[in-house]
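I opened my notebook on this one today and jotted down what I looked up. Have a look along with me.

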Amino acid sequence: MSHNVPSESLQGSPRHAFFMEQALLMGEKALETGETPVGCVLVHNNKIVGSGMNDTNKSMNGTRHAEFIAIEEMLQNYPRSILRTTDLYVTVEPCVMCASALRQYQIRAVYYGCGNDRFGGTGSILSLHSDPSIDPSHPTYGGLYHKEAIILLRRFYIQENDKAPKPRPKKHRELKMDFDKELLTYPAT
Amino acid sequence: MDAEDVLRGITSRVGEVTAIRTVQETRPLEEFSDAYVAEVNVKTASKVIKALDSAFPRDASQPMNHLRRFAKHNQVPEHLRPVLLREGSSPAQTIFVLISPPLPGTEAIQKVLAPFAPDNAATEDAPLPLHTIRIPLQPPMTTVQADAWSKTMWPVVFNPAAPRAMVAPPPHILGRARELIQPKAGRYLALAQRVAEEAEQSGLGRGVGAVVVDPGLEAEVDETEETEGDIRWADAVVAVAGDGRYSRREVGMTEADVQPGRGPNPNIQTYNPDREGGPELHALMRVVELISSKRREDGPVSSTGRPCLNYLETYFMSQSNVTATSESLDDPSPVPEKYQKTETAAHAIHQEPETGDASTSRIRPRSQGGYLCTDLDVYLTHEPCICCCMGLLLSRFRAVIFPRRGRMVSGGLASEPVVQPDGAPAEASEEEAKPREYYGLHWRKELNWRALGFEFVEEEQPDAKLAVDGVAFHA
């Protein structure tokens with residue numbers, strides 16, 4: 001059920017494009033604050049009801065991914081049950097943790113930018129949106145603005161991580177702008 | 001009730017700690033592919049390898065070190081002998097070389113190998129023959145598999161270390177951790193059960209509990225003269241949390257919806273997703289957040305609004321209050337110097353902060369080098385849901401332990417149905433009646449983070465309930 005739709009056809013839809021642009025803006029905000037640049041928005045009846053960006057560094061909690069932050073924000077104003085008629089737009093394929101959470105929350109559909117070959121839970125490593133489960137399955141669509149999502153991540157990973165126990169010097173790294181290798185390496189979303 | 005009374009009343013559960021196999025161990029991946037074999041002059045063997053490797057670079061992501069580069073005449077598998085062994089060729093003159101994937105074109109190979117062809121094997125009109133065979137792409141997991149492949153496919157080498165490196169934890173690390181966990185697991189799991197009961201009785205959650213232990217602190221606990229009612233064992237516990245899925249007040253809910261009163265919440269009888277809160281309210285996620293709040297040095301109110309829900313949680317959190325100097329004064333028996341860090345293995349795991357701060361905090365804050373849940377072990381009453389499994393990996397726990405009785409259809413750790421000690425599958429148990437996926441998420445070579453996974457197998461108790469026979473939910 002994971003559809004890798006050519007980005008043009010999804011991007012051709014002004015609606016999808018608009019919401020993914022909002023998710024990218026959240027990712028941009030994450031980059032500015034030293035977080036892994038992954039952003040997302042929850043869309044219910046054409047309206048953004050929650051938005052999130054990764055918050056694992058500031059919170060010292062490795063589970064504070066964009067999706068959880070967005071759901072938390074949504075729950076301030078809406079009951080959990082509206083997720084059944086809500087779509088998620090996220091810049092990177094949800095990780096195994098978030099993919100399972102989205103299924104438990106019974107999200108209607110997931111639109112994502114680039115795949116996630118280290119942690120991806122909706123097609124790259126596991127297919128938690130469609131595997132047998134006690135919760136209903138949902139469709140996922142990848143490839144919407146995937147280049148922009150990848151560039152965001154690359155901009156983050158050329159930085160040195162002074163929070164790591166052993167920071168690695170990355171002085172000589174350059175931001176690559178080519179897409180010969182579509183698969184990227186990045187952490188979880 | 002007083003938390004220390006509860007700790008005094010804890011009776012250790014009796015059972016065996018057993019490593020959860022990985023999915024790659026349970027269902028070894030067997031992939032096969034075509035390869036070429038050519039006969040070359042035995043005296044030129046080393047030149048053949050150089051010529052092949054420089055002409056056709058190997059794919060680093062697919063090392064073929066388990067396949068022998070050459071087979072002598074007597075090593076050629078039975079079924080290939082009629083094809084490969086020519087009349088007039090002798091073991092003294094020729095040897096067979098393997099060209100493994102990624103496979104170049106046959107003409108390119110023949111061109112590279114031409115100078116090494118055995119006398120009278122190739123002519124201008126008929127180039128050096130290449131024979132197609134099948135080879136295993138993954139290294140063998142056992143000597144039995146290696147022997148079988150060597151007889152039926154191509155000679156392979158079994159290296160006990162190589163195949164396990166990614167597919168399963170290194171045996172010495174797994175074995176050492178199991179030894180250290182075995183004597184204490186029963187007690188921590190009994191505490192987790194007590195936390196779970198508290199969560200259920202409060203009406204704020206299901207009966208699921210989590211206990212987090214710092215193996216570094218464990219090594220410092222002096223248990224040599226343990227007396228009855230002694231609770232020093234709990235000094236290694238850094239945090240506990242119960243499930244809190246009914247604790248969040250959602251829009252449109254009344255106070256009565258959130259907490260119908262003391263006693264189990266009526267929603268535990270069924271699985272109604274709208275009433276399940278969310279995975280961030282599961283015991284594992286809650287205990288991770290409690291530890292994070294100490295790392296962040298939050299004030300009394302957590303910045304994420306997920307506070308302690310009961311006195312047991314509060315008790316362990318208060319043990320890490322850096323500002324509360326009274327607790328160190330209250331401590332009647334500080335660990336004697338001679339018992340500190342006698343376990344050599346503990347040195348590798350637990351490093352004292354270099355700040356020289358004499359803080360007694362069990363959870364080191366960020367300012368003292370505390371980071372996520374690195375090097376901690378988590379004991380759970382139930383097999384965690386997939387979301388929590390990945391949450392514990394992302395939190396960098398060292399190990400996760402849960403009782404086999406707590407397996408769930410929605411769990412993400414088990415890698416296979418229950419297997420009896422003699423290797424036979426368990427008799428038609430209830431578990432098989434409810435089909436489930438076996439993800440073995442604690443150690444997947446595909447994922448960036450891994451943890452050691454253990455099940456606690458208790459002695460046969462005929463009346464003991466299996467979690468899997470109850471309501472299916474996400475633990």
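**Confidence.** I began by reminding myself that this is a predicted model. I noted its scores, ipTM 0.88 and pTM 0.78. For chain B I found a mean pLDDT of 85, with 84% of the residues at 70 or more. I then marked residues 323-358 of chain B, where the pLDDT is below 50. Beyond near neighbours in sequence, I see 32 contacts for that stretch in the model.

**Chain B overall.** I listed 16 helices and 10 strands in chain B. Of its 475 residues, 39% are buried. I also looked up how far apart in sequence the contacting residues are. Taking the contacts in chain B with a separation of 6 or more, I get 77% between residues 24 or more positions apart.

**Helix α8 of chain B.** I followed this helix through residues 171-201 and came upon a kink of about 55°. The kink is centred on K184(B). After α8(B) I reached G203(B), and its phi is positive, near 80°.

**Where the chains touch.** How many residues does each chain bring to the contact? I wrote down 33 from chain A and 35 from chain B. On the chain A side, α4 (66-75) and α5 (96-104) each supply at least two residues. The largest share of that side comes from α5(A), with 5 residues. Sorting the chain A residues that touch chain B by type, I have 19 nonpolar, 10 polar and 4 charged.

Notes: Residues are numbered from 1 along each chain as its sequence is written. Chains are lettered from A and ligands numbered from 1 in the order in which they are written. This is a predicted model: local features need pLDDT of at least 70, side-chain atom pairs count only at pLDDT 80 or more; totals for chains, interfaces and linings use all residues. Helices (H or I, at least four residues) and strands (E, at least two) are DSSP runs, numbered from the N terminus. A residue is buried if 20 or more other C-beta atoms lie within 10 Å of its own, exposed if 12 or fewer, and partly exposed in between; C-beta atoms are placed from the backbone. Two residues are in contact if their C-beta atoms, placed from the backbone, lie within 7 Å. The bend at a residue is the angle between axes fitted to the seven residues ending there and the seven starting there. Ala, Val, Leu, Ile, Met, Phe, Trp, Tyr, Cys and Pro count as nonpolar, Asp, Glu, Lys and Arg as charged, and the others, Gly among them, as polar. pLDDT is the predictor's confidence in each residue, from 0 to 100.
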